[in-house]
Amino acid sequence: MPPPRTRGTALRHRLAELRGPDVPAKALDARALAALAANPGCARRAILDGAGVNKTALASALGAPSAFGQSQFALTRGNAFEAKVKADGGAELLRLVHEKLDRSAEPPAHARVPDLTATGPQGRTARTALELREAAAHPGAWTLLDHPMLALDVAGSPAFLEPDAVVVHPDGSWTVVEIKSFPLLDGSADPAKVGAAARQAAVYVLALEEVAARLEPAPRVRHRILLVCPRDFSNLPAASAVDIRKQRAVTARQLARLTRIEEIADALPEGTCFSPELPAEELTAAVESVPATYAPECLSACELAFHCRSRSREAGAVTSLGRAVRAELGGLTTVEDVLAAARGEAGDPADPAVAALRRAAALRAEALEAACR
């Protein structure tokens, strides 16, 4: 007789059904978790990521293939830059950590760089935890962990994460290092790209905090990460300390909310499946059965963005104009509602959004009349 199904195993079975028969789960990574945090209200992304659906294949099957992701040239350039930063046992990387984050410590003349090789993600995660525990037990020296493997519990399942590096300071504290190929121009970088890197680093910080919590005493995980990028248009590394406390708090809240995946799954019609092998009409109906919260920012973070944008435009949703516009319009959720309110055909005149639209429409009419005289 099989053992009784627990709530956790029942959820995993349900998510496997949503994924499709014999379809392997696509593991969540830091980019996916960071994107979830950037759009916490999107039930569609939450259930698809929670079920491990391959959204790239899904988008192609829906007829809206994704352009999301890095080009092969960008990946090659990024790998070459990372190798340069970590050359000579990470001497330059540790110098930047010391300069930007820990000037009071002894300069990192020598550092321990342990071998983190192991079999499988579970083995690498255990090896990383062992080396972090070893570094915490012997403070006073610098330790560089190159591509460690961390695990973070997401809705009852482990997500395996691989930061570029983690540095253990002489005082025993831990710092996440993110190495990116976009440039620092005159000491600053594209705010959107820095924000994405900060959200990704916040996921690593949360995973490190879980490792630290199992140690006694628990080492401090620093909330200022080191972002390393090329300086100007050269291949020379430059660094900036980025405070990710806000991103960490948002990500933690969103990951806690992922327990609602069970509620989303229970609300779906019986037999719903997101397998790309299904007929296009049936697959579209399955995807549309889960509400989405599209915004233009999704284009740089989600593989289904083109599909959701198309549906949002068809519905005339104001979210397709951006979250800032949506926030200004209050209860007016469609372009048709906005135009009707501006013309005085609908809407409460006491509503500040309606009043502002009518005032703008009146000013426009006055300007056009003056131009026609």
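1. Basis of the values. This is a predicted model, in which local features need pLDDT of at least 70 and side-chain atom pairs count only at pLDDT 80 or more, whereas totals for chains, interfaces and linings use all residues. Residues are numbered from 1 along each chain as its sequence is written, and side-chain values use heavy atoms, with hydrogens and water left out.

2. Overall description. The protein chain holds 15 helices and eight strands, both taken as DSSP runs numbered from the N terminus (helices H or I, at least four residues; strands E, at least two). Its C-alpha trace spans about 75 × 70 × 40 Å along the principal axes. Of the 373 residues, 42% count as buried, that is, under 20% relative accessible area with a 1.4 Å probe, protein chains only. Among contacts (heavy atoms within 4.5 Å) between residues at least 6 apart in sequence, 64% join residues at least 24 apart.

3. Nonpolar cores. A nonpolar core is here a set of buried Ala, Val, Leu, Ile, Met, Phe, Trp, Tyr and Cys residues joined through side-chain atoms within 4.5 Å. The largest has 71 residues, and those with the most contacts inside it are Leu 33, Ile 47, Leu 152, Leu 161, Trp 174 and Phe 274. Helix α8 (residues 191-213) supplies the largest share of this core, 12 residues. Apart from it lies another core, of 17 residues, including Leu 93 and Val 167.

4. Surroundings of Phe 274. When residues up to four places away in sequence are not counted, Phe 274 touches, among others, Leu 18, Arg 19, Leu 48, Val 53, Leu 283 and Val 290.

5. Helices α5 and α6. The axes of α5 (residues 72-85) and α6 (residues 87-101) come within 6 Å and cross at roughly 90 degrees; the axes are lines fitted to C-alpha atoms over the stretch in contact, with angles running from 0 to 180 degrees between N-to-C directions. The residues of the contact divide into four nonpolar, one polar and two charged.

6. Helix α14. The buried residues of α14 (residues 335-342) are Val 338, Ala 340, Ala 341 and Ala 342, and they pack against α15 (352-372). After α14 comes Gly 344, whose phi is positive, near 80 degrees.

Methods. Buried means under 20% relative accessible area, exposed over 50%, partly exposed in between (1.4 Å probe, protein chains only). Ala, Val, Leu, Ile, Met, Phe, Trp, Tyr, Cys and Pro count as nonpolar, Asp, Glu, Lys and Arg as charged, and the others, Gly among them, as polar.
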